[in-house]
Amino acid sequence: MPVRAIALTDFRNVASAEVHFGEGVNILVGSNAQGKTNLLEAIYLFALGKSFRGAKEAELVRFGASLAALRLDFSAGGREQTAAIRFSGGRRSVELNRVRLRRMSELVGAFRAVLFCPEHLSLIKEGPAARRGYLDIAISQQRPMYLQALQRYNLALRERNKLLKQAEENPRLLRDTVDLWSAQLAEQAAVIAPARLAYVREVEQAAARIFAEMTGERELPAFTYQGGFHLEADRCADPAAVRERVYGLLTAHLDREIGAGSTLWGVHRDDIAISLNGRSARLYGSQGQQRSLALAMKLAEGEICARLTGEKPVFLFDDVLSELDASRRAYLLREFADRQVIMTTCEGVEFPFEAHVVGVEGGTYTPHTHTREE
Ligand code: ATP
Ligand code: MG
């Protein structure tokens, strides 16, 4: 599903721009702070329904302007499509093919992209939240039901935690309503956990192959879904088992949870255990192995998406090449050969194939002539 073009008005440091992309590799070149990542953020906004940098909408509107408008032209499902987003003073409007959507999240799944930025290289080293984020972004783009369940879960979790924290001042409110939230958490966990388990199994297959090809290493990676509610991975495929276990834990240990002031079990405690030859990659993997595994997970995300949807997602690579050593870089460039990639770089990169180069300066984007390394 190639991106054809993006048009921006008063988005970040861009007053007005329309940038066109080729179906192969597109390179955004420019010095620091010129608007390279801003452009990827704009494109990915359509895939994710929010800023990948966690920015609030007001931060996305150009300083001094009151309204930001974005339009993305892309091809998906065998036809040309257009999505548009507009923000102004807390109000927003979203359209897909000129039909007004009620919420940003309804856009998710229409246009699919995989983002890779330097922070993702520490996906293995970081805490569980980073790995849950990886799963959520990947699965949401494939299953609208998943994103809906996640939003309901997170809302219920906030409400339940609020009740637990206020338990002393307001024991009655807790007693009357906590069960509703516990049931809601269990209900949504029964959607989320099986989907995460299935996805982790897909990741394991794809990432293990990519890891071996990329590094030539014999150490075999394994990825295991770990539900945050004491249920062995295999049983997490069964929604009823998940529902029952989560609800059981949330009703049996309320005193402990009041003491902690938070919900102690559920999918907000999930993780993916990642190992190499049976040993935790986080504890024992070398820096290089950890980075290769992280890269393999991201490439796997693209592969799984392509298999499930029948269309290759767009790869967005922010400043990643300069972070990689020669062999991983070479592997990545080979992988790039038959898909659309939009990548940013500060320095000139040499490419073994034709690329569409766009110069970035002060929020303006200028296409250069196509280049080929001699
Ligand atoms: P680097 O190579 O350092 O990553 P970059 O080209 O990716 O640089 P961006 O992150 O795209 O840089 O752009 C950063 C610039 O955008 C900064 O100068 C920042 O001040 C500016 N900027 C961010 N938000 C806004 C906004 N709402 N209005 C105007 N300018 C903004
Ligand atoms: Mg940047």
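**View 1. A three-stranded open sheet, ordered β9-β10-β11.**
The pairing in this sheet is antiparallel. β9 (221-226) and β11 (279-280) are its edge strands, each pairing on one side only. Between β9 and β10 (residues 271-276) there are six bridges, again in the antiparallel sense. For a handy reference pair, look at Ala-222, which sits opposite Ser-275 of β10. A word on terms: strands (E, at least two residues) and helices (H or I, at least four) are DSSP runs numbered from the N terminus, and two strands count as paired if DSSP finds at least two bridges between them. This is a predicted model, so to speak of local features we need pLDDT of at least 70, side-chain atom pairs count only at pLDDT 80 or more, and totals for chains, interfaces and linings use all residues. Residues are numbered from 1 along each chain as its sequence is written, chains are lettered from A and ligands numbered from 1 in the order in which they are written, and side-chain values use heavy atoms, with hydrogens and water left out.

**View 2. Two hairpins, β5-β6 and β6-β7.**
Arg-98 lies in the loop between β6 and β7, and its phi is near 70°, a positive value in a residue other than glycine.

**View 3. Helix α5 and its bend at Thr-177.**
α5 covers residues 171-215, and its end C-alpha atoms are 57 Å apart, whereas a straight helix of 45 residues would span 66 Å at 1.5 Å a residue. That expected span is 1.5 Å times one less than the number of residues. At Thr-177 the helix bends by about 45°, the bend being the angle between axes fitted to the seven residues ending there and the seven starting there. Gly-216 follows α5, with a positive phi near 70°. In the loop between α5 and β9 you will find Glu-217, partly exposed at a relative accessible area of 25% (under 20% is buried, over 50% exposed, partly exposed in between; 1.4 Å probe, protein chains only). Glu-217 is 72 residues from Gln-289 in sequence, yet their C-alpha atoms are 9.2 Å apart in space.

**View 4. The largest pocket, with a volume of about 1,500 Å³.**
Its lining has 50 residues, and Leu-48, Lys-50, Leu-147, Leu-150 and Gln-151 are the closest to the centre. Helices α1 (36-48), α2 (57-60), α3 (128-142) and α4 (144-165) each supply at least two lining residues. By class, the lining of this pocket splits into 23 nonpolar, twelve polar and 15 charged residues. Here Ala, Val, Leu, Ile, Met, Phe, Trp, Tyr, Cys and Pro count as nonpolar, Asp, Glu, Lys and Arg as charged, and the others, Gly among them, as polar. On a 1 Å grid over the protein atoms alone, a pocket is an open set of points with protein on both sides within 12 Å along at least five of seven lines, a cavity is a set where a 1.4 Å probe fits but cannot get out, and lining residues have an atom within 4 Å of a point. Points are joined across faces, edges and corners, and a volume is the space filled by probe spheres set on them.

**View 5. The second largest cavity, about 40 Å³ in volume.**
Searching the whole structure turns up two cavities of 30 Å³ or more. Among the residues lining the second largest cavity are Ala-113, Ile-137, Gln-141, Glu-301, Cys-305 and Pro-313. β8 (113-116), α3 and α9 (287-309) each give at least two residues to this lining; α3 provides the largest share, four residues. The class count for the second largest cavity is six nonpolar, two polar and one charged.

**View 6. Two contrasting spots, Val-314 and Ala-33.**
Val-314 belongs to strand β12 (residues 314-318) and counts as buried at 1% relative accessibility. Ala-33, in the loop between β3 (25-29) and α1, is exposed at 73% relative accessible area. Phi of Ala-33 is near 60°, positive in a residue other than glycine.
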